[in-house]
Amino acid sequence: MSARSRSRSAARLAAVQALYQRQMESISLPRLLDEFHQHRLGREIEDAQYADAEVAFFDDIVSGVDARLEEIDTVLSERLSEGWSLKRLDKTMLQILRAGAYELLARADVPVGTAISEYVDVAHAFFDEREAKFVNGVLDGVAKAVRK
């Protein structure tokens with residue numbers, strides 16, 4: 001894996017964490033980004049070294065999800081099984097799906113397969129295989145809808 005790939009993977013994981021924090025704390029976007037720039041991206045926290053993240057990519061995902069939240073949530077809602085809603089999803093799961101959907105919608109420079117597999121990897125950091133397969137299925141549906 002290239003250094004750029006690693007830094008983008010780190011940016012994706014950090015973006016999911018930032019989006020989760022924003023949902024839980026209702027923190028302003030500029031303050032949230034600044035906090036991650038100053039204290040999280042590429043820093044050591046409690047003896048865990050965080051990989052250097054591509055800051056511009058991180059900012060784009062977090063800001064993009066924020067700016068297009070309604071559109072993203074609509075696209076995601078349309079891909080959930082009957083009887084499921086975004087409100088029923090685990091809050092971390094929801095942020096993984098939102099970040100992945102944003103990349104599929106807005107980042108034509110990122111291949112579909114890369115975006116999906118990266119967020120499946122992020123899901124593995126928090127969940128078991130079943131949930132990772134769920135992420136794969138939902139994002140695959142999003143990709144088919146938004147990437148022609």
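I began with my rule for charges and rings: a charge sits over a ring if NZ of Lys or CZ of Arg is within 6 Å of the ring centre and within 35 degrees of the ring normal. By that rule I found R8 over the face of F57, at 4.0 Å from the ring centre. I also noted R88, whose charged end sits over the ring of W84, 3.8 Å from its centre.

A word on the ground rules: this is a predicted model, where local features need pLDDT of at least 70 and side-chain atom pairs count only at pLDDT 80 or more, while totals for chains, interfaces and linings use all residues. Numbering runs from 1 along each chain as its sequence is written, and side-chain values use heavy atoms, with hydrogens and water left out.

I turned to the second largest pocket and wrote down a volume of about 180 Å³. For me a pocket is an open set of points on a 1 Å grid over the protein atoms alone, where a 1.4 Å probe fits, with protein on both sides within 12 Å along at least five of seven lines. Lining residues have an atom within 4 Å of a point. The volume is the space filled by probe spheres set on the points, which are joined across faces, edges and corners.

Which residues line the second largest pocket? I listed W84, L89, D90, M93, R130, E131 and F134. Four of the lining residues are nonpolar, none polar and three charged (Ala, Val, Leu, Ile, Met, Phe, Trp, Tyr, Cys and Pro count as nonpolar, Asp, Glu, Lys and Arg as charged, the others, Gly among them, as polar). Helix α7 (residues 129-146) supplies the largest share of this lining, three residues. I take helices as DSSP runs (H or I, at least four residues), numbered from the N terminus.

I count buried as under 20% relative accessible area, exposed as over 50% and partly exposed as in between (1.4 Å probe, protein chains only). This core has 47 residues, and those with the most contacts inside it are F58, V62, L76, I96, L97, Y119 and V135. Helix α5 gives the most to this core, with eight residues.

**Aromatic entry.** How many aromatic pairs does the structure hold? I noted two, using ring centres within 6.5 Å for Phe, Tyr and Trp (its six-membered ring), with planes under 30 degrees apart stacked, over 60 edge-to-face and the rest tilted. F126 and F127 form a tilted pair, 6.4 Å centre to centre with 55° between the planes. F126 is partly exposed at 37% relative accessible area, whereas F127 is buried at 16%.

**Last checks.** T92 lies in helix α5 and is buried at 14% relative accessibility. T92 and F126 are 34 residues apart in sequence and 8.0 Å apart in space, C-alpha to C-alpha. I also stopped at S26, in the loop between α1 and α2. S26 has a positive phi of about 50° although it is not a glycine, and S26 is exposed at 65%.

Definitions and conventions
Helices (H or I, at least four residues) and strands (E, at least two) are DSSP runs, numbered from the N terminus. A nonpolar core is a set of buried Ala, Val, Leu, Ile, Met, Phe, Trp, Tyr and Cys residues joined through side-chain atoms within 4.5 Å.
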